[in-house]
Amino acid sequence: MNKSFEIILVTGGLGFIGKHFVRRCLDNGCFVRNIDKVSYAADLKSMVEFDAHPHYRLLQMDVAECDFLPECDVIVNFAAESHVDNAITSNKQFCQSNFMGVQNMLERVRAKQARERPLFIQISTDEVYGDISNGKHSEADLLKPSNPYSATKASADMLVTSWGRTYGIDWNIMRPTNNYGCQQYPEKLIPKSAWRMRRGQPALMHGDGSYVRSWLHAEDTVDAILTVIERGERNSIYNIGSDTELRNIEVLRAIAEHLKVPEEDAWMATGNRTGQDVRYSLDDSRLRELGWAPKRQFFEELPGIVDSFDFMRFS
Ligand SMILES: NC(=O)c1ccc[n+]([C@@H]2O[C@H](COP(=O)([O-])OP(=O)(O)OC[C@H]3O[C@@H](n4cnc5c(N)ncnc54)[C@H](O)[C@@H]3O)[C@@H](O)[C@H]2O)c1
């Protein structure tokens, strides 16, 4: 990695994508500081693993309340409440972490002398665009979030671009599509469905299972973020798409097939999510022009991921 990006401040680095990023940065020889409040979504096994590394330090804090900025060359802001169903039930914490947390971290950057300010990388989401029946969303498209989670993420993106213009902070916004990978918290589709099927319970399927999502391995997301840190155009937005677009029912079928659960026992329809997005799809040609492309294949990776889930974490 570029020498000038050797001290990395990660927020939410004990969460699903953040821990993959932290592990890679430590493997690459970087120094990593991690601001994580250690919410229900934090992985305590990773906390123990990282704590043993001499280049790592955890600052157990809330990004919305943190009152200082440790020395760093780049901030990668993963910290967020990330589960749409929780946002539909109760949205206040989403505003606090996803919006006020970004406002606070941007202010911490602004408080530094201009030449000491780190690059601010905001991890956004494909959900800020809302859904799209045909075609793909490009970075220039209008933001039309459909639920409180995606609304807080879209609002945070606007904070970042405006702090860039008004205060001269250097930034990139990255908008990944649905991530899959090892040790995701079991509120999300793949681990939750695998857990239920393993326990002889049908997975819960929204509607008729026809909603379409694109699937991106968390390690491919890490590759994308490192690509932008190393050679991205500053003060611009990058979508992170995937080559695998699937209906939810196809994901459930693949899990059932691997776990040898007959289809008739594998899932049941459940009440639909209010404001459900029908399909997400991203045009990520800007990022691919930098030489990035997803390397992992969904159907090759899925069995190992399902087998690796730590089901003790789920109870
Ligand atoms: N998982 C996906 O498929 C996906 C897709 C697109 C974008 N994203 C975005 O990527 C980021 C990471 O997602 P994830 O799935 O790893 O999330 P996650 O829910 O697994 O982990 C979130 C982490 O952030 C921490 N955290 C939450 N609120 C905090 C706060 N106020 N202060 C400090 N720490 C806090 C939690 O303790 C946890 O460790 C999020 O910003 C999310 O919006 C995720």
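1. **Before you start.** This is a predicted model, in which local features need pLDDT of at least 70 and side-chain atom pairs count only at pLDDT 80 or more, while totals for chains, interfaces and linings use all residues. Residues are numbered from 1 along each chain as its sequence is written, and side-chain values use heavy atoms, leaving out hydrogens and water.

2. **The main core.** Look for the largest nonpolar core, which has 36 residues. Such a core is a set of buried Ala, Val, Leu, Ile, Met, Phe, Trp, Tyr and Cys residues joined through side-chain atoms within 4.5 Å; buried means under 20% relative accessible area (1.4 Å probe, protein chains only). The residues with the most contacts inside this core are F21, V76, I121, M174 and I229. Elements giving it two or more residues are β1 (7–11), α1 (16–27), β4 (74–77), β5 (119–123), α7 (218–231) and β10 (236–240). Helices (H or I, at least four residues) and strands (E, at least two) are DSSP runs, numbered from the N terminus. Helix α7 supplies the largest share of this core, seven residues.

3. **F21 and a second core.** Not counting residues up to four places away in sequence, F21 touches I8, V10, V76, F78, V222, I225, L226 and I229, where contact means heavy atoms within 4.5 Å. A second, separate core has 24 residues, including A79, V102, V109 and A156.

4. **Helix α11.** Which residues of α11 (residues 298–308) are buried? They are F298, L302, I305 and V306. These cover an arc of only 95 degrees around the axis, so they lie on the same side of α11; the arc is that of the directions from the helix axis to the C-beta atoms. The buried residues of α11 pack against β7 (178–180), α6 (189–198), β9, β11 (245–247) and α8 (248–259).

5. **A114.** Find A114 in the loop between α4 (92–110) and β5. Is A114 buried or exposed? A114 is exposed, with a relative accessible area of 60%, and the cut-off for exposed is over 50%. Its C-alpha atom is separated by 8.0 Å from that of I169, 55 residues apart along the chain.

6. **The cavity.** A search of the whole structure finds one cavity of 30 Å³ or more. A cavity is a set of points, on a 1 Å grid over the protein atoms alone, where a 1.4 Å probe fits but cannot get out; lining residues have an atom within 4 Å of a point. The largest cavity has a volume of about 70 Å³, the volume being the space filled by probe spheres set on the points. Strand β9 (residues 212–217) gives the largest share of the lining, three residues.

Methods
On a 1 Å grid over the protein atoms alone, a cavity is a set of points where a 1.4 Å probe fits but cannot get out, and a pocket is an open set with protein on both sides within 12 Å along at least five of seven lines; lining residues have an atom within 4 Å of a point.
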